[in-house]
Structures are given as C-alpha cells and as structure tokens.
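This report is for a reader meeting the structure for the first time. It begins with the overall picture and then turns to selected places.

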Amino acid sequence: MKAGIILAALIVMLTLISLFWIPYGYNQMDSSNRFSPPGFPHLMGTDNFGRDVFSRIMAGGKYTLLTALITVALSAAIGSALGMLAGFTGGIADEIIMRIMDALAAFPGILLALITVSLLNSNALVIALVILFIPSFTRVMRSGTLQYRNRDFILAARIIGASRPRILFIHILPNLLPPLISAMILGLSNAILAESTMSYLGLGIQPPAPSWGRMLSESQGMLFNAPWCALAPGIMIMLTVLSFHYLGEGLRRRQS
C-alpha cells in the first residue's frame, strides 16, 4: 500500500506541475530533432515531428487523469444515490434499479462508446464511461445500505419521523464512506485504463491534445526506429493503473 501511495503521489504531482509548467510546448515541433533518443535536453526523446515526449507525457497525464476523475466522481455520485435508494426501499424499486444495472454491466463497453461517440461526438467519451461505471458503485452502496437499514439507530430515526433523504444521507451515507472511497480509488485505476484504451482506438481525446492512449496509438508505427515513443506512455499507463489499484486494494483489506 505504501508503494501505491508514493507512486500515485508522484504521478499526481507530475500532473499538477504540468498545469503550470512543461519543458516544451506539447505540440512544439523541431524538424532538426526528429527521433532524438532519450538524453539531454529531451529526457524521453522526441517523436517523428520532433516533439518532446516528456512534455507530451506531462500534458497527456492532465487529460487522462482529469477524464478518469470526472468519470469516477459522476458515476460514484449517481451510483451511490441509486444504490442507497434500492437498498433502503427494496421491493419493486430495488428490482427495477438492479435489473437496469445488470443490463448496463452486461453491455459491451467498446460498443457503448462507439454508439455514444457516433451519436454525439468524441467529447462524449466521459458520458459512456460514466454509464459503464455506475453499476459497480450501485452494487457497493446497495450492499452497504442493506446492512444498515434495519439497525437500531435507523429504526429510531424512522420513529421520530426523519425523512428518507435525511436517513440516507445523514445516517447511512457516513457509515458507507470507507468502502465508497476504496471503490472510487479502484475505479480510478479502471477509468484510467478505460480512457487509455478508448483513446488508443481513437474514441477519446482528439489531436492536437495529447493523451497517453493516443500517444501509444500514434507511436505503434515507430516501434523499431523510436521505441521510446511507445515505451513512455505505455509505462506511464501501467504505473498509474497499478499505483491506484494497489492503493485501493490496500484500503479494502484494512476495512475487512
């Protein structure tokens, strides 16, 4: 878990620094330095347009992590509300909500992204990812709500006439924050991987803005003459996904 915290902190710090400073413009071209190997002054080398790979990694992390954060925040908010409502209400409402969640979870993610992007535009990737991530948060919060809805303090709140929203968000939600936080951290690793996959397929961030998945896709034709162009985004995706995964799993183990 400590390794996950340190690695995640370093990656987030690098992304925050990119908001204010990067060594070169991420689209700054230098035809005289095409395919320069890693070294000084280009720490990760340059690509086929002479663009600094390290600068593009820093700038791309901003888009990749921001997309993942928005995806997890929205899907956690919607999934939490639906999960608590289903678990607390029960009956037909519970059945309807959970069957819809089962249908969404069974729907192929890439197909949903293709449909969403074709109907709207490439910026609609977040909408597709949110729809895909809602079922996991709904299940987590429904399970937790079922454990608390018949506890004595909940029955006491009902007796004194507390409203359903007050019971859900004041009495139940605080008790479900630990599993929700660990689920959100794990969701970040999955969202980063999903965004990178979609961008690799051309369904995510569009040029000229960089993202790690898009950089990986653009560099697949340069594996033999400039392998660093593919290694840099590939390693960043791997390290970022692993760091948030280990952090989320560590929190989950501590709670169990």
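What percentage of the 256 residues of the protein chain count as buried? The share that count as buried is 43%.

## Overall picture

The model is predicted. The protein chain holds 9 helices and 0 strands, and read from the N terminus its elements follow the order α-α-α-α-α-α-α-α-α.

Ser55 belongs to helix α2, which covers residues 53-89. Is Ser55 buried or exposed? Its relative accessible area is 0%, so Ser55 is buried, the limit being under 20%. The side chain of Ser55 makes a polar contact of 2.7 Å with the side chain of Asp52. Apart from neighbours within four places in sequence, Ser55 is in contact with Ile22, Pro23, Tyr24 and Tyr26.

Ser75 is also placed in helix α2. Ser75 has a relative accessible area of 0% and therefore counts as buried. Which backbone oxygen lies 2.7 Å from a polar atom of the side chain of Ser75? That oxygen belongs to Thr71. The backbone oxygen of Val72 lies 3.2 Å from a polar atom of the Ser75 side chain. With neighbours within four places in sequence left aside, the contacts of Ser75 are Ser80, Val130, Phe133, Ile134 and Phe137.

Pro41 sits in the loop between α1 (2-18) and α2. Because its relative accessible area is 42%, Pro41 counts as partly exposed. How far apart are the C-alpha atoms of Pro41 and Ser182? They are separated by 40 Å, and the two residues are 141 residues apart along the chain.

Helix α7 takes in residues 164-200, 37 residues in number. Its end C-alpha atoms are only 44 Å apart, whereas a straight helix at 1.5 Å a residue would reach 54 Å.

Where does α7 bend? The bend, of about 60°, is at Leu173, and the proline Pro174 follows within four residues. Just after α7 comes Gly202, with a positive phi of about 90°.

## An aromatic pair

How many aromatic pairs are there? The count comes to 1 aromatic pair. The ring centres of Tyr148 and Phe153 are 6.3 Å apart and the ring planes stand at 65°, so this pair is edge-to-face. The angle decides the class, because planes over 60 degrees apart count as edge-to-face.

Arg151 lies over the face of Tyr148, at 4.6 Å from the ring centre. Tyr148 thus takes part both in the pair with Phe153 and in the arrangement with Arg151.

Conventions:
Residues numbered from 1 in each chain as written. Predicted model: local features only at pLDDT ≥ 70, side-chain atom pairs only at ≥ 80, totals over all residues. Heavy atoms only, no water. Helix = DSSP H or I, 4+ residues; strand = E, 2+ residues; numbered from the N terminus. Buried < 20%, exposed > 50% of the residue type's maximum accessible area, 1.4 Å probe, protein only. Polar contact = N/O pair within 3.5 Å; in protein donor to acceptor, adjacent residues only side chain to side chain. Contact = heavy atoms within 4.5 Å. Expected span 1.5 Å × (residues − 1). Bend = angle between axes of the 7 residues up to and from the residue. Phe/Tyr/Trp six-rings, centres within 6.5 Å; stacked < 30°, edge-to-face > 60°. Lys NZ or Arg CZ within 6 Å of the ring centre and 35° of its normal.
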